[in-house]
Amino acid sequence: MYRVVLLNDDYTPMDFVIAVLQRFFSLGTEQATRIMLKVHNEGRGICGVFPRDIAATKVGQVSAFARQHQHPLACVMEENR
């Protein structure tokens, strides 16, 4: 299993991060806001834990969506130990 993690940057708007969490991770507004604040305050936030293929797909989707909207939002996957 792999964690999908969003990394903080100084340019991506908070509202965009919330929209990403809702769109690609099916989170409600409250939970998405909580994760966004964790990314903002702690530098990273876990979006979810998935099998490797699904995690890789989500990282690709989020990265492409951020690029499409010209935001430097970084999304990575890490082995869940």
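**Terms and their grounds**

Tutor: Leucine 6 has glycine 45 as its bridge partner in β2. Before we continue, note that this is a predicted model, in which local features need pLDDT of at least 70, side-chain atom pairs count only at pLDDT 80 or more, and totals for chains, interfaces and linings use all residues. Residues are numbered from 1 along each chain as its sequence is written, and side-chain values use heavy atoms, with hydrogens and water left out.

Student: What makes β1 and β2 a pair of strands?
Tutor: Strands are DSSP runs of E with at least two residues, helices are runs of H or I with at least four, and both are numbered from the N terminus. Two strands pair if DSSP finds at least two bridges between them. β1 and β2 are joined by 6 bridges and run antiparallel, so they pair under that criterion.

Student: What is the bridge partner of leucine 6 in β3?
Tutor: In β3 the partner is cysteine 75. Valine 4 is bridged to methionine 77 of β3. Strand β1 (residues 2-7) pairs with β3 over 6 bridges, in the antiparallel sense.

Student: Why are β2 and β3 called edge strands?
Tutor: The 3 strands form an open sheet in the order β2-β1-β3, with antiparallel pairing. β2 (44-50) and β3 each pair on one side only, and are the edge strands. From one strand to the next, the twist averages 25 degrees.

Student: Which helices lie against the sheet?
Tutor: α2 packs on the sheet and touches β1 and β2, its direction making about 135 degrees with that of β2. α3 lies across β1, β2 and β3 and runs at about 165 degrees to β3. Touching is a matter of contact, that is, heavy atoms within 4.5 Å.

Student: How do you know whether cysteine 75 is buried or exposed?
Tutor: Buried means under 20% relative accessible area, exposed means over 50%, and partly exposed is in between (1.4 Å probe, protein chains only). Cysteine 75 has a relative accessible area of 7%, so it is buried. This residue of strand β3 is in contact with Val4, Val5, Leu6, Val59, Val62 and Ser63, leaving aside neighbours within four places in sequence.

Student: What makes methionine 36 buried?
Tutor: Its relative accessible area is 5%, so methionine 36 is buried. Apart from neighbours within four places in sequence, methionine 36 is in contact with Met14, Val17, Ile18 and Leu21. The C-alpha atoms of methionine 36 and leucine 21, 15 residues apart along the chain, are separated by 8.2 Å.

Student: Why are α1 and α3 called oblique to each other?
Tutor: They pack at an angle of about 140 degrees, with axes 11 Å apart. α1 and α3 are therefore oblique to each other. Their contact residues divide into 7 nonpolar, 1 polar and 2 charged.

Student: What makes the phi of serine 26 worth noting?
Tutor: Most residues other than glycine have a negative phi. Serine 26 has a positive phi of about 55 degrees although it is not a glycine. Serine 26 is placed in the loop between α1 and α2 and is exposed, with a relative accessible area of 67%.

Student: Where does glutamine 70 lie?
Tutor: Glutamine 70 is in the loop between α3 (52-68) and β3 (74-79). Its phi is near 60 degrees, a positive value in a residue other than glycine. With a relative accessible area of 72%, glutamine 70 is exposed.

Technical notes. Axes fitted to C-alpha atoms, helices over the stretch in contact; angles between N-to-C directions. Parallel < 35°, antiparallel > 145°, perpendicular 65-115°, else oblique. Nonpolar A, V, L, I, M, F, W, Y, C, P; charged D, E, K, R; others polar.
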